[in-house]
Amino acid sequence: MMSEVIEVRSPSNLKVIGTVKRMSKDEVRGEIEEAYKGFEIISKMPLYKRTAILRKVSEILEREQERLAKLLAMEAGKPIRDSRVEVMRASRLFRQAAEEASIVLEGKNYRVDAYEYPPGNENRIVISTREPIGVVSAILPFNFPINSFAHKVAPALAVGNSVVVKPSLNTPLAAIEMRKILIEAGLPDSVVRVVTGYSSEIGDEVVTHPLIGLITLTGSTQTGLRIASKAVSLGKRIIMELGGSDPIIVLEDANIERAVSIAVRARFEYAGQNCNAGKRIIVREEIADKFTKAFNERVKALKVGDPLDETTDVGPVINKESFENLSSVIEDAKSKGGKVEVLNKGPESGYFFPLTVVENPSLDMLVLKSEVFGPVAPIVSVRSDEEAIQIANSTDYGLQSAIFSNDVNRALKISRELKFGAVIINDSTRLRWDSLPFGGFKKTGIGREGVRDTMLEMTENKLIAITLL
């Protein structure tokens, strides 16, 4: 008999911390139909009422920060200090969506009397308005279950869409809590629905259902491109935030201490499971030995352990599959002659993957050519800036990148050659401004996230022309 529920286990100790419903296709279909009723409500709601709800959500998130942070630590294995930051960001994101909605939805008045054709433009007024698309399908990743929820849901609600949220089965409890907060803030019950179940059973429904107008997904490139092709073939809008393998380039004139400190954090924060983690470290050979030694020492000093412990720096990876994938990346590096060094081990229980460095890997190794979602740091030594650029651009991904140098002119020249959605000079690939465009080149995704960009993607531009009689 098919189980009615799915257990949610903490990756740090493998204990069951909750259960969610294993929904069927029919149940999901019903949730989407309910969300369409919600769209008819929220799309007619005055903007001041929608933004008041978003501001209230922001207030509740501030109030509930500690409770939600503890849930994140248990469910996602995210250290408690980082979990608090995620909840705080989500709170501010709802507030930003409320503040910026009126700007995005302002519309335009076009001076069509500037055009000779069509005739009679001097007697016309043409304006544009932005209107909501309908029901948005939001497919969430495991690594930012609260902030990713906010990034997809807050802009959608601000512009008058309803949302069906499908969280990762690794971290569904956070999405359910977020929905409760939305209802507490005054959002009508049908406007945001959360569906839980196996992608193999219900995934197709949240993409292909006729009432779904837009799919916004954060996930792997393989999954995203498959869903994107299906969605586009049905005429649906898409926002795809996919894979990343962000390079950190450290030039010989860089402040090495700063570069090491930031690179360690960029690679090992949340056990290396951030889409814009610094996943490849490229260092000029003049300083490679000095950099690597300092990097390794700092990694050894990190505390790996219980995410609920205030002093923990690095927790577990999300699940057994992730652990096994990382093991195969390490075996691949060893089999191809890579110098692999385990620097720091966590507890034996749970999915704690050892913090590992691979020195001077070759471009044919998985550690350099694939997206490695875990605490494994490849450090490549290069002889020239051109070689650094070539290695940085050698993957299918182009999310973010970083350059460390005291010569800003030189760094800017390199930045023009890097095929990435952002180039961060003298700081972390992990930098992200929630209201600014976020996304990348090549197979990193389609469209951009960020409060304003998401609102634009989630609305249709309508022209209204009036001929004066």
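## Basis of the report

A salt bridge is counted where a side-chain nitrogen of Lys or Arg lies within 4 Å of a carboxyl oxygen of Asp or Glu. The model is predicted: local features need pLDDT of at least 70, side-chain atom pairs count only at pLDDT 80 or more, and totals for chains, interfaces and linings use all residues. Residues are numbered from 1 along each chain as its sequence is written, and side-chain values use heavy atoms, with hydrogens and water left out.

Side chains of opposite charge can pair when their charged atoms come close. In total, 45 salt bridges are present in the structure.

One of the salt bridges joins the side chains of E31 and R193, at 2.7 Å from N to O. Because E31 belongs to helix α1 and R193 to strand β7 (residues 192-194), this pair ties together parts 162 residues apart in sequence. Helices (H or I, at least four residues) and strands (E, at least two) are DSSP runs, numbered from the N terminus. Both E31 and R193 are buried; the term means under 20% relative accessible area, while exposed means over 50% and partly exposed lies in between (1.4 Å probe, protein chains only).

A salt bridge also connects the side chains of E201 and R22, at 2.4 Å from N to O. E201 sits in helix α7 (residues 199-202), and R22 in the loop between β2 (16-21) and α1 (25-42), 179 residues apart. E201 counts as partly exposed because its relative accessibility is 28%, whereas R22, with a relative accessible area of 17%, is buried.

The side chains of R81 and D313 form a further salt bridge, at 2.9 Å from N to O. Here the partners are 232 residues apart: R81 is in helix α4 (residues 80-104), and D313 is in the loop between α11 (285-301) and α12 (320-335). R81 is partly exposed at 39% relative accessibility, and D313 is partly exposed with a relative accessible area of 22%.

Elsewhere, salt bridges with shared partners join R63, E64, R67, E177, K180 and E184 into one network.

## The buried face of helix α14

Helix α14 spans residues 385-392, and its buried residues are D385, A388, I389, I391 and A392. Seen down the axis of α14, these buried residues fall within an arc of 165°, so they line one face of the helix. The arc is taken from the directions from the helix axis to the C-beta atoms.

The buried residues of α14 pack against strands β10 (246-250), β11 (278-284) and β14 (376-382), and against helix α15 (408-417). Contact here means heavy atoms within 4.5 Å.
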